[in-house]
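Hi,

Here is the structure I promised to pass on. Have a look at it first, and then read my notes below.

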Amino acid sequence: MFLFTACNFKNEIDSKYYCKKLNFSCVNDDKVINFKTSKGEFDVKLYGKDYPITVSNFIENINNNIYLNQKFYKIINYQQIRFIHGGINLENKFFSEIHQTLNTRISSIPLEIKFKEEKNPRYNYLIKNPYETKDLINTFERGSIAMVRSGKNNSSSTEFFFVTNKIPELDGRYSIFGKIIKGFDIIEKIGKEDYIKGVLIYD
């Protein structure tokens, strides 16, 4: 199983390099997708302009139907915020046994973070200085979707999570590549036994 090796570059390597490296059909514009779940439907805007690698990977997952009938496997509840995890953990023993049927080639992709005044995203770059977060294009807000981290400077290729409120403590540490734009009440109802019936990409 391929695990992406972190590098020390910031802006020296751009998305075209990673699209070629990972054999993606690179998405360079924003997309809207529809999640059909056991609790109802909601729409998510994906930020393809600013997070082309993360969005391209997610679109490939949708096209390969790897989220079909998959449960929201972990729900974390705090007083002011919920984390709703979905996707497939390819390191999990159960999923590794059925990996051949999932049409996934890699277990991780580079962490992708975009700054306001920079043309290209930064790859494999984890923000450690909290003062840098003020210059980020996206931060965790109500309905944000991000990829789960895999190792220090990578994102999982398949696991994602939603948050139901702002959480600045995590800004700059995950690839936040979209946001719920319709049906937020549905994500608030999702429980651990709920699952994804399908994901549709709007034209």
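One thing before the details: this is a predicted model. A search of the whole structure turns up two cavities of 30 Å³ or more. Which residues line the second largest cavity? They are Tyr51, Glu112, Ile113, Leu136, Asn138, Gly172, Tyr174 and Ile176. By type, that lining splits into five nonpolar residues, two polar and one charged.

Next, the open spaces. The largest pocket has a volume of about 170 Å³. Its lining is made up of Asp14, Ser15, Lys16, Cys26, Asn28, Lys49, Pro52, Lys114, Lys119, Asn120 and Pro121. Five of these lining residues are charged, three are polar and three are nonpolar.

The second largest pocket holds about 150 Å³ of space. Around it you will find Tyr73, Lys74, Ile76, Phe83, His85, Val148, Arg149, Glu159, Phe161, Leu170 and Tyr174. Strand E3 (74–77), strand E4 (82–86), strand E8 (144–149) and E9 are the elements that each give two or more residues to this lining. Here the count is seven nonpolar, one polar and three charged. Look out for Tyr174 when you browse: it is listed in the lining of the second largest cavity and also in that of the second largest pocket.

Where is threonine 164 found? It sits in the loop between strand E9 (154–163) and strand E10 (176–182). Is threonine 164 buried or exposed? Its relative accessibility is 11%, so it counts as buried, the cut-off being under 20%. The side chain of threonine 164 reaches the backbone nitrogen of arginine 82 at 2.8 Å.

Finally, the chain as a whole. It has four helices and 11 strands, and 54% of its 203 residues count as buried. If you take the contacts with a separation of 6 or more, 69% of them join residues 24 or more positions apart. The accessible surface of the chain is about 10,400 Å², with 46% of that belonging to carbon and sulfur atoms.

Over to you!

Note on methods. Residues numbered from 1 in each chain as written. Predicted model: local features only at pLDDT ≥ 70, side-chain atom pairs only at ≥ 80, totals over all residues. Heavy atoms only, no water. 1 Å grid on protein atoms, 1.4 Å probe; cavity = no way out; pocket = protein on both sides within 12 Å on 5 of 7 lines; lining within 4 Å. Points joined across faces, edges and corners; volume = space filled by probe spheres on them. Nonpolar A, V, L, I, M, F, W, Y, C, P; charged D, E, K, R; others polar. Buried < 20%, exposed > 50% of the residue type's maximum accessible area, 1.4 Å probe, protein only. Polar contact = N/O pair within 3.5 Å; in protein donor to acceptor, adjacent residues only side chain to side chain. Contact = heavy atoms within 4.5 Å. Areas by Shrake-Rupley, 256 points an atom, 1.4 Å probe, with all protein chains shown as cover.
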